[in-house]
Amino acid sequence: MNKPNYSAYTIEELIESKESINRDAWPERFIEIEDRIQYLIKSSPAEKAKYNELVFLNFCESLRTDLSYAVDDDILSILRLFSKKAEAAIPSTFQGEVCPLCKGELEVSYYSGSWFSFTRGWLLTCRNCNTEGIVEQYQHR
Ligand SMILES: [Zn+2]
């Protein structure tokens, strides 16, 4: 198998490779990917911003999957129809989660869309990195 030329990869491709690579089988490639990412985010603020956004987005996506398996959240979404108090309740999925970028504390709040969007979910904010993302709720049909 030819060795991939990571220096030609975009930041998106590097993140994808980092998440899919078998770290035990290819430890030196993993380090190479990590080094390349560090190089890109240190040399360009735009690349760093893109990196932060993508990592946070992936993090939100993975939580979304967890959330869909959490039973208490189904109950919460029903209660939310009747109660303002339940609206403020935070699903257990988010407890103990920290920012994927800085390991800092995350602020979690219920997000109920805006005039142009029907997205419902949870807004996660890291004040430290100034990054935020939405964990969308699966719509029950
Ligand atoms: Zn952070």
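Does cysteine 60 count as buried or as exposed, that is, what does its relative accessibility make of it? At 3% relative accessibility, cysteine 60 counts as buried; here buried means under 20% relative accessible area, exposed over 50%, and partly exposed in between, with a 1.4 Å probe and protein chains only. The model is a predicted one, so local features need pLDDT of at least 70 and side-chain atom pairs count only at pLDDT 80 or more, while totals for chains, interfaces and linings use all residues. Residues are numbered from 1 along each chain as its sequence is written, and side-chain values use heavy atoms, with hydrogens and water left out.Overall, the secondary structure comes to 5 helices and 3 strands, taken as DSSP runs numbered from the N terminus (helices are H or I with at least four residues, strands E with at least two). Read from the N terminus on, the order is α-α-α-α-α-β-β-β. Of the 141 residues in the protein, 33% are buried.

Among the helices, α1 (residues 11-20) packs with α2 (residues 27-43) at an angle of about 150 degrees, and their axes are 10 Å apart. The axes are lines fitted to C-alpha atoms, for helices over the stretch in contact, and the angles run from 0 to 180 degrees between N-to-C directions. α1 and α2 are therefore roughly antiparallel to each other, on a scale where angles under 35 degrees are roughly parallel, over 145 roughly antiparallel, 65 to 115 roughly perpendicular and the rest oblique. The crossing of α1 past α2 is left-handed, in the sense that the near helix is turned anticlockwise from the far one by less than a right angle (clockwise would be right-handed).

Then there is the zinc ion. Its protein donors are the SG atoms of Cys99, Cys102, Cys126 and Cys129, lying 2.2 to 2.3 Å from the ion. Donors here are N, O and S atoms within 2.8 Å of the metal (3.2 Å for Na, K and Ca), and water is not among the atoms, so sites may look incomplete. The 4 donor atoms make angles of 104 to 116 degrees, which puts the site down as tetrahedral; for four donors, that label asks for all angles between 85 and 135 degrees. Ideal angles for four tetrahedral donors are 109.5 degrees.

Along the chain, the zinc donors follow the spacing C-x2-C-x23-C-x2-C. Cysteine 99 sits in the loop between α5 (84-87) and β1 (107-111), and cysteine 129 in the loop between β2 (121-126) and β3 (131-136), so this pair ties together parts that are 30 residues apart in sequence. Cysteine 99 is buried at a relative accessible area of 0%, whereas cysteine 129 is partly exposed at 22%. Cysteine 102 also counts as partly exposed, with 26% relative accessibility.

As for disulfides, the structure holds 0 of them, a disulfide being a pair of cysteine sulfur atoms within 2.5 Å. For cysteine 60, the closest cysteine sulfur belongs to cysteine 99 and is 9.9 Å away, too far for a bond.

Lysine 103, in the loop between α5 and β1, has a phi near 65 degrees, a positive value in a residue other than glycine. Lysine 103 is exposed, at 59% relative accessibility. Asparagine 130, in the loop between β2 and β3, is not a glycine either, yet has a positive phi of about 60 degrees. With a relative accessible area of 72%, asparagine 130 is exposed.

Threonine 131, by contrast, is found in strand β3 and counts as buried, at 10% relative accessibility. The C-alpha atom of threonine 131 is separated by 7.3 Å from that of asparagine 52, 79 residues apart along the chain.

Definitions and conventions: Tetrahedral: all angles 85-135°; square planar, octahedral: opposite > 155°, others 65-115°.
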